[in-house]
Amino acid sequence: MHKGLAVSFILCMVLLTYLSYCLFSMPLQHVSKMENLTVNSHVRVEGMPTNVRYSSDGIRFYIQGIQIRADAVKSLKNASVIVEGYVSRYKNGIWVQALKISYAS
Amino acid sequence: MLLEISLIIAALIAGMLTGIFTGLLPGIHINLIASLVLIFALQHTVLSLPLATFIVSLSFTHIIIDFIPTTLLGVPSEENFLSVIPAHHLVKKGEGYEAIRIAFLGILFSIPLIVLSMPLYILFLPKVYHVIESVIPYALVASSLYVIFREKDFVAGAIVFMLAGILGYLTFQLPIKESLLPLLTGLFGLSSLFSSLEQDEKIIKQKLKVKLPPNKHFIRSLLPAFIITPLCSFFPGIGSGHISFFCSEIKEQDSKQFIFLNGLVASMNMALSIVAAYSISRTRSGTAVAVEVLLYPFSLKELLMLMIVCIATIVVMYYIGKCIATTLIRFYNIIPHQKITFITIVFVILINVLMTDSLGFIVLAASTAVGIFAHFLGVRKIQLMGALLLPTMIYYFM
């Protein structure tokens, strides 16, 4: 039992470390146009949000024609933002699902 | 009109048949089928209602049939992992069939509770949800702490919760194909299968002639389920396991009552997640997401239609499920347990190889290791739900 406990603990620590390494070393592609979007890629989009719409299921806006969606309902200031997220495809086309939204300094 | 009704009936039957398949095969989750149906729906928008019928029928059939491998093989899903120990206790006494029948009875008893809760959800939830929404993150923290501190060794419970939580967070942040599949399969399915390999190889004959306890034995499970399930079912990260746990904290349940309660709550939770998609546009299950996307904008008529589908599926599958369980127990009584477990492990790994990518496979290995670690520590499987709860909390607080 102690052997099993130790082996499973070491295994999960090693694998968690590897997954963390994958997350931090993942290439972040800076995109500025709709054409550059590849589904599932990790992207960074920067610019002024336009057509901001809030709804019960989150927030939607555009940066240079790229549709951004975020689940959290947060008010955006009238300033340039940096969005990091994934490119997704759904019924209504292709868009970036935001994981992190921050203000450009 | 006639064509539409025919299509809906065909979808209902197809959903049941697919649900039998997904329910019997460990590792196949409803969300996976729901996402495949959504991909199909992108090209066939005219079939929205039959496709939604298919998903609802499949989901309820899956919940019912899923109790058979959960009981016999000890391979739970994230919905019924808490019923594994009481069910296994009955399997050891040769009463596995009785455990399955009790779970089915619980699902059947969920029908009146679903019918009673539905108007409450439609009328009151939209009015109070904005208040509830503000307390969701605190409620998640409080419920997680409560579950951790109710553990005999709460330090071990906290370690498992955190490990599962970190794994869940990494899984959702990385671009992994069908990320929930390897995460939940490893935490609840593969880890249980590997753990059960160390058991005795002796076949325990399961009795097929059983006399179920009288219905009044289960009455005490109904009230807590009716109160707690509607309150918790729209909380993100809180599944049937947590709800059953909280219900059993209100009124103590014996093994059979707990299995009944788990069946009741799993079915009621699924139905209410669909009602919540209609009333507050919040989707807390893969089924609800698929239904909302397919039927957007979701009308009351369509919701009622889907609830009829849900009730019809439960009633039909209650009887078909009993026949399937009887047949499988006949095989179970002659095939060595370890052989079945080994075949199931190979099958589950194969499904993951086919459905996910290389990173997903790493997640499968990590989640299996976390599940086995929890098993060796003697920590209850409910702590593994940290994989969904911790990322949800991070999302709300950051």
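## A buried glutamine in chain A

A:Gln97 counts as buried, with a relative accessibility of 18% (buried means under 20% relative accessible area, exposed over 50%, and partly exposed in between, using a 1.4 Å probe and protein chains only). You'll find A:Gln97 in strand S7, residues 93–103 of chain A. Helices (H or I, at least four residues) and strands (E, at least two) are DSSP runs, numbered from the N terminus. Setting aside neighbours within four places in sequence, A:Gln97 is in contact with A:Arg69, A:Ala70, A:Asp71, A:Glu84, A:Gly85, A:Tyr86 and A:Ser88; contact means heavy atoms within 4.5 Å.

A quick word on the ground rules: this is a predicted model, where local features need pLDDT of at least 70 and side-chain atom pairs count only at pLDDT 80 or more, while totals for chains, interfaces and linings use all residues. Residues are numbered from 1 along each chain as its sequence is written, chains are lettered from A and ligands numbered from 1 in the order in which they are written, and side-chain values use heavy atoms, leaving out hydrogens and water.

A:Asn51 isn't a glycine, yet its phi is positive, near 50 degrees. A:Asn51 sits in strand S3, residues 50–55 of chain A, and counts as exposed at 56% relative accessibility.

A:Gln64 is another non-glycine residue with a positive phi, near 45 degrees. A:Gln64 belongs to the loop between strand S4 (58–63) and strand S5 (66–70) of chain A. At 48% relative accessibility, A:Gln64 counts as partly exposed.

## Where the chains meet

Chain A puts 26 residues into the contact and chain B puts in 27. Together they bury about 2500 Å², 77% of it on carbon and sulfur atoms; buried area is the accessible area (1.4 Å probe) that two parts lose on being put together, summed over both.

On chain A's side, helix H1 (2–24) and strand S6 (81–90) each supply at least two of the residues touching chain B. The largest share, 14 residues, comes from H1(A).

## Chain B as a whole

Chain B has 15 helices and zero strands. Its radius of gyration is 20 Å, close to the 21 Å that the globule rule gives for 398 residues, so chain B is as compact as a globular protein of that length. That radius is taken over C-alpha atoms, and the globule rule is 2.2 Å times the number of residues to the power 0.38.

Buried residues make up 60% of the 398 in chain B.
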